[in-house]
Amino acid sequence: MTQPLLTVKSLKKHFPGKSGFWGNQGVVRAVDGVDLTVYPGETVSIVGESGCGKSTTGRCILRLLEPTEGEILFQGKDILKLNEEQMRTMRRNMQIVFQDPFASLNPRKTIGQILADPLIVHGIGTAAERKKQVEEMIEIVGLTKQHLDRYPHEFSGGQRQRIGIARALILKPKLVIADEPVSALDVSIQAQILNLMQDLQKEFQLTYLFISHDLSVVRHISDRVAVMYLGKVVEVADKKSLYENPVHPYTRALLSAVPVPDPEHKAERILLEGDLPSPANPPTGCTFHPRCPVCVEMCKREIPALRKKAAGHFVSCHLE
Ligand code: SF4
């Protein structure tokens, strides 16, 4: 059986709460026990509302944020046990594409310098070899060598994201964490970037962990989908099962809001009451209970475990 590329076990990231008149206001449970497995070559998406902990999860996996608790195995190795130097070496294989490529590209450097930097940091190749690699990579993402002498502000949003992708891929990583990579782009450009990411996945045998709030985008790109709510994964399944047979009431509500391009399709929209509660003060029991349309008494007291519903389909709900 294929070994997972990435295994995340009981991952937690708690931030100190705001201090006020009454002293420290406890902890913000941004990520509160996430389990996730990603196999080589697949695209697993984490989806959920803003504030559910999906981006924090991605950053913890790369140790851009230090997790509070848990285990992160990359190619079977617990990366939380690596020292700074070992982690830097490991990052060759784990790269990130950010939502806002403009904010993440140094405005004072040319694109050529930006793409060469990771190679220099990791001591890869001679200056001539690096130049060749950078020139190849810029063309792979659909730009030209002439673009290498320009600065980030000279590019459109879509082009900048191509540069962000080129920078992530220049080290030939195994895993790419893409954090809302198309949400800042126009819909027409979104499709181009998603198609580019899919082509590159085949060409470089990449594994993607794709983070998004947009279920239409996630449907386009994913093999499997994990739905997060208030710091926890509440449902995980392959794309087909999740979209055709969502089980968790939260997933059902999210999916009912996605437009379907079929005039015959008359699915009822499930409106969720209230906002996402604060992770500084999560509800007791099932944290979804104050908004759940089918909540029962037990839900307010007991935390549901993530249980197997069908092959590869896991749900945390007392009623399922
Ligand atoms: Fe709703 Fe209860 Fe299931 Fe939570 S456990 S999703 S509150 S039915």
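Modeller: First, a term for later: a crossing is right-handed if the near helix is turned clockwise from the far one by less than a right angle, and left-handed if anticlockwise. This is a predicted model, where local features need pLDDT of at least 70, side-chain atom pairs count only at pLDDT 80 or more, and totals for chains, interfaces and linings use all residues. Residues are numbered from 1 along each chain as its sequence is written, and side-chain values use heavy atoms, leaving out hydrogens and water.

The part to look at is H4, a helix that spans residues 111-121. Helices (H or I, at least four residues) and strands (E, at least two) are DSSP runs, numbered from the N terminus.

Start with what H4 hides. Its buried residues (under 20% relative accessible area; exposed is over 50%, partly exposed in between, with a 1.4 Å probe and protein chains only) are Ile111, Gly112, Ile114, Leu115, Ala116, Pro118 and Leu119. What covers them? The cover includes H5 and helix H6 (157-169).

Take H5 first. This helix, residues 127-140, packs on H4 at an angle of about 120°, and the two axes are 10 Å apart. Axes are lines fitted to C-alpha atoms, for helices over the stretch in contact, and angles run from 0 to 180 degrees between N-to-C directions. That angle makes H4 oblique to H5; under 35 degrees is roughly parallel, over 145 roughly antiparallel, 65 to 115 roughly perpendicular, and the rest oblique. H4 passes H5 in a right-handed crossing. On the H4 side, the contact (heavy atoms within 4.5 Å) is made by Ile111, Gly112, Leu115, Ala116, Leu119 and Ile120. H5 brings Arg130, Gln133, Val134 and Ile138. By class, this contact has 7 nonpolar, 2 polar and 1 charged residues. Here Ala, Val, Leu, Ile, Met, Phe, Trp, Tyr, Cys and Pro count as nonpolar, Asp, Glu, Lys and Arg as charged, and the others, Gly among them, as polar.

Now H6. H4 and H6 pack at an angle of about 25°, with axes 8 Å apart. That makes H4 roughly parallel to H6. Their crossing is right-handed. Ile111, Ile114, Leu115 and Pro118 in H4 meet Ile163, Ala166 and Arg167 in H6. The residues of this contact divide into 6 nonpolar, no polar and 1 charged.

An α-helix has 3.6 residues a turn, so residues three or four places apart point the same way. What follows H4? Gly123 does, and its phi is positive, near 60°.

Beyond the helix, look at the charged pairs. The structure holds 16 salt bridges, each a side-chain nitrogen of Lys or Arg within 4 Å of a carboxyl oxygen of Asp or Glu. In one of them, the side chains of Arg59 and Asp179 meet at 2.6 Å, N to O. Arg59 lies in helix H1 (residues 54-61) and Asp179 in strand S9 (residues 175-179), so the pair ties together parts 120 residues apart in sequence. Arg59 is partly exposed at 25% relative accessibility, whereas Asp179 is buried at 6%.

Asp78 and Lys81 form another salt bridge, at 3.3 Å, N to O. Asp78 is buried, with a relative accessible area of 14%; Lys81 is exposed, with 68%. Arg29, Asp32 and Lys232 are linked in a network of salt bridges.
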